[in-house]
Amino acid sequence: MTLGDVVARSSLDAAPLLLGWTLLVDGVGGRIVEVEAYTEDDPASHAYGGPTARNAAMFGPPGRLYVYRSYGIHWCANVVCGAEGVGGAVLLRSLEPTHGLGTMASRRGLEEPTLLCSGPGRLAEALGITGADDGAALDRPPFALVPPAAPPAFDATPRIGISRAADAPWRFVVRGSPWLSRGRRRA
């Protein structure tokens with residue numbers, strides 16, 4: 001399956017399909033092990049209520065990054081999915097670091113591998129993703145998304161850190177991964 005095949009789907013359908021893909025930024029990155037889906041009709045989504053200057057990238061084209069600042073502190077990276085003009089994205093919550101661990105450790109100011117990319121803010125910082133990357137195409141340098149040899153087994157759980165639609169099982173995690181931002185939440 002190609003990246004185009006995955007991101008052409010709704011974010012809810014694409015989210016579990018992105019698990020196991022390797023995301024690289026200038027050769028630094030790792031295997032995606034945790035994501036969350038957000039749709040235009042989801043009250044927890046930035047796309048809810050329609051396009052604005054801040055969320056414009058969420059409305060396409062698919063296969064781009066939607067990058068935003070969380071609480072004015074951390075950058076968070078999302079893969080835009082679905083038909084152009086329909087707001088949807090998959091939040092990248094956690095990676096298993098596999099490439100450029102020294103660079104990630106330097107950017108994060110720590111050495112513990114399990115803390116390098118476990119959480120959306122940590123992930124963006126480790127990969128050097130900032131607001132300047134909002135709208136960037138994921139199939140062009142410095143970005144690369146490499147598909148897995150086989151899709152991993154996964155679980156669906158409620159999303160983390162939201163107050164609206166908090167019980168929707170739209171968080172997808174690689175089953176048994178020690179690299180998750182938080183443990184498995186029960187649906």
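Me: Where is Asp-26 placed, and what is its phi near?

Reply: You'll find Asp-26 in the loop between strand 1 (22-25) and strand 2; strands are DSSP runs of E with at least two residues, and helices are runs of H or I with at least four, numbered from the N terminus. Phi of Asp-26 is near 50 degrees, a positive value in a residue other than glycine. Keep in mind that this is a predicted model, where local features need pLDDT of at least 70 and side-chain atom pairs count only at pLDDT 80 or more, while totals for chains, interfaces and linings use all residues. Residues are numbered from 1 along each chain as its sequence is written, and side-chain values use heavy atoms, with hydrogens and water left out.

Me: Which peptide bonds are cis?

Reply: Gly-60 to Pro-61 is cis, with omega near 5 degrees, and Pro-61 belongs to the loop between strand 2 and strand 3. Pro-141 to Pro-142 is cis too, with omega near 15 degrees; Pro-142 sits in the loop between helix 5 and strand 6 (143-146).

Me: Why are helix 3 and helix 5 called roughly perpendicular to each other?

Reply: Helix 3 (residues 101-108) packs on helix 5 at an angle of about 115 degrees, with the axes 8 Å apart. Angles of 65 to 115 degrees count as roughly perpendicular, and therefore helix 3 and helix 5 get that label. Met-104, Arg-107 and Arg-108 of helix 3 meet Arg-122, Glu-125, Ala-126 and Leu-127 of helix 5, contact being heavy atoms within 4.5 Å.

Me: What is the volume of the largest pocket, and what lines it?

Reply: The largest pocket has about 740 Å³. Of its 30 lining residues, Tyr-68, Ser-70, Tyr-71, Ile-160 and Gly-161 are the closest to the centre. A pocket is an open set of 1 Å grid points where a 1.4 Å probe fits, with protein on both sides within 12 Å along at least five of seven lines, and lining residues have an atom within 4 Å of a point; the volume is the space filled by probe spheres on those points. Strand 3 gives the most, with four residues. The lining holds 12 nonpolar, 11 polar and seven charged residues.

Key:
Ala, Val, Leu, Ile, Met, Phe, Trp, Tyr, Cys and Pro count as nonpolar, Asp, Glu, Lys and Arg as charged, and the others, Gly among them, as polar. Axes are lines fitted to C-alpha atoms, for helices over the stretch in contact, and angles run from 0 to 180 degrees between N-to-C directions. Angles under 35 degrees count as roughly parallel, over 145 as roughly antiparallel, 65 to 115 as roughly perpendicular and the rest as oblique.
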